[in-house]
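Student: Could you walk me through this structure? I would like to go one piece at a time.

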Amino acid sequence: MKNLIANLNKIFDSRIRLGIMSALMVNETVNFNELKELIEVTDGNLASHLRTLEDNNYLKVQKGFIGRKTQTTYSVTKAGEKAFKQHLEALEQMIRGIE
Amino acid sequence: MNTPSSPPLETLKDIRSMMERSSRFISLSGWSGISAGCCALVGAWLASREIAHSLAGGLEGNGSIPDALHIRLAFLGICVFSAALVSAVLFTYLRSRREGVAIWGKSARRLLWNTVLPMVAGGLFIIRLGYLHLDGLIAPACLLFYGLALVNGSKYTLGEIRYLGYAQIILGAINCWMPGYGLYFWAAGFGVLHILYGIWMWVKYEAKAQTV
């Protein structure tokens, strides 16, 4: 059981970071406001979790403008996709282990 | 909530719900289906009166509809379509506001594009059918293309809408071989099926949410 838990990715321990990654896996790009609405967190909280994922190279950030407003969109990187899939597999193994 | 010990099954459910909510437009209200169906039934009733009134003197020799009636029916069709669309959008807007979800997001755009495209293609085809006086094929063509639009859009909204699409396609296909009964098939597909689907969706997703 111990080594099963070791396979889980520590970065995805947080429900917010897991939520961000889930949304990015099924959408090419997601912008900041969409994520905020989806996960229902404050700006600061979301930004800090996004930063963690960015620092780990799991997501790419694109900054652009819509009129005068800045618009920040996020998309998943190859490394992020791989890490997320491994995390899912680890979860699956844990469920099998319990059964 | 941030503890690593949250059970893996719960975590997987969380992931799944997040994926669905971020990629599907789920505010589509059951009332939208019911109201669109009622518009269609009223429209079919008005059309049947027009036809009965106008054909009191008997059909033309080749079985197609005279020009004046043609234009009136086309106009009626556009009115019914607009009324159904407006009422459907209204109920969906009300639901999305109640649930605090933005109505115009990426998922709504995707849903719209994937349903509008087959409907525009079908619309052009139906206009040509009308010009060529192939009137018996107009109702089946409406049902077939609308069914395809629903099946195509079902990937971007509540998945159950695909069954409504299948049912419309089946009705349209049968109607192809029974061209004289277009209005009945039309009323069954756009009227009755919409209302049944709307009630089903309302019971499944909205009735519960309101009592809790």
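**Strands, helices and cores**

Tutor: Gladly, and please keep in mind that this is a predicted model.

Student: Which strand does β3(A) pair with, and in what sense?

Tutor: Strand β3 of chain A, residues 69-76, pairs with strand β2 of chain A, residues 59-66, and the pairing is antiparallel over 8 bridges.

Student: And how many residues sit between β2(A) and β3(A)?

Tutor: The two strands form a hairpin with 2 residues between them, and Gly67(A), which is in the turn, has a positive phi of about 65°.

Student: Switching to helices, at what angle do α2(A) and α4(A) cross?

Tutor: The axes of α2(A), residues 15-26, and α4(A), residues 43-55, come within 10 Å and cross at roughly 70°. Because angles of 65 to 115 degrees count as roughly perpendicular, α2(A) is roughly perpendicular to α4(A).

Student: Which residues meet there?

Tutor: From α2(A) come Ile16(A), Arg17(A) and Ile20(A), and they meet Asn45(A), His49(A), Leu50(A), Thr52(A) and Leu53(A) in α4(A).

Student: What about the contact between the chains, how many residues does each one put in?

Tutor: Chain A puts in 18 residues and chain B puts in 17 residues. On the side of chain A that touches chain B, α2, α3 (32-39) and α5 (78-98) of chain A each supply at least two residues, and α2(A) gives the most, with 7 residues.

Student: Now chain B. Is α5(B) mostly covered or mostly open?

Tutor: Helix α5(B) is mostly covered, since 15 of its 16 residues are buried.

Student: What span should α5(B) have, and what does the model show?

Tutor: At 1.5 Å a residue, the 16 residues of α5(B), which are residues 138-153, should span 22 Å, and the end C-alpha atoms are 22 Å apart, so the two agree.

Student: Which residues touch the most other members of the largest nonpolar core?

Tutor: That core has 42 residues, and the ones that touch the most other members are Ala40(B), Cys142(B), Leu143(B), Phe145(B) and Trp186(B). Several helices of chain B each supply at least two residues of this core, including α2 (30-54) and α7 (182-211), while α5(B) gives the most, with 12 residues.

Student: What does Trp186(B) touch?

Tutor: Leaving out residues up to four places away in sequence, Trp186(B) touches Ala44(B), Ala139(B) and Cys142(B).

Key. Residues numbered from 1 in each chain as written. Chains lettered and ligands numbered in written order. Predicted model: local features only at pLDDT ≥ 70, side-chain atom pairs only at ≥ 80, totals over all residues. Helix = DSSP H or I, 4+ residues; strand = E, 2+ residues; numbered from the N terminus. Expected span 1.5 Å × (residues − 1). Buried ≥ 20, exposed ≤ 12 C-beta atoms within 10 Å, placed from the backbone. Pairing = 2+ DSSP bridges. Core = buried A, V, L, I, M, F, W, Y, C linked by C-beta atoms within 7 Å. Contact = placed C-beta atoms within 7 Å. Axes fitted to C-alpha atoms, helices over the stretch in contact; angles between N-to-C directions. Parallel < 35°, antiparallel > 145°, perpendicular 65-115°, else oblique.
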